[in-house]
Amino acid sequence: MKLLVRAIVTGFGLSLGGAIYKKVAQRLGLDDDAKAKDREKTVQRQDGATDPSLQTS
């Protein structure tokens with residue numbers, strides 16, 4: 001019985017921790033998807049600045 005209760009509490013804690021991380025990661029800049037999008041924008045701006053004939057779609 002103790003094992004079952006510990007497993008449920010642990011599962012709940014991990015689930016809650018994952019949800020909190022997803023909310024906080026965007027605000028703190030820890031989100032990998034957001035960083036990748038920022039890098040793509042930076043690369044596009046740099047390419048346009050160094051090559052004036054570059055056309056974006």
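Predicted model: local features only at pLDDT ≥ 70, side-chain atom pairs only at ≥ 80, totals over all residues.
Local features are reported at pLDDT of at least 70 and side-chain atom pairs at pLDDT 80 or more, whereas totals for chains, interfaces and linings use all residues. Residues are numbered from 1 along each chain as its sequence is written, and side-chain values use heavy atoms, with hydrogens and water left out.

**Helices**
- The protein has two helices and zero strands, where helices (H or I, at least four residues) and strands (E, at least two) are DSSP runs numbered from the N terminus.
- Helix α1 covers residues 2-28, and its end C-alpha atoms lie 37 Å apart, which agrees with the 39 Å that its 27 residues should span at 1.5 Å a residue; the expected span is 1.5 Å times one less than the number of residues.

**Exposure**
- Buried residues make up 2% of the 57 residues in the protein, with buried meaning under 20% relative accessible area, exposed over 50% and partly exposed in between (1.4 Å probe, protein chains only).
- Helix α1 lies largely in the open, because the number buried among its 27 residues is one.
- Phe12, whose place is in helix α1, counts as exposed because its relative accessibility is 59%.
- The protein exposes about 5600 Å², of which carbon and sulfur atoms supply 59%, as computed by the Shrake-Rupley method with a 1.4 Å probe.

**Asp31 in the loop**
- Asp31 sits in the loop between α1 and α2 (32-50), and with a relative accessible area of 23% Asp31 is partly exposed.
- Leaving aside neighbours within four places in sequence, Asp31 is in contact with Ala25 and Gln26, contact meaning heavy atoms within 4.5 Å.
- Asp31 and Tyr21 are ten residues apart in sequence, and their C-alpha atoms are 9.3 Å apart in space.
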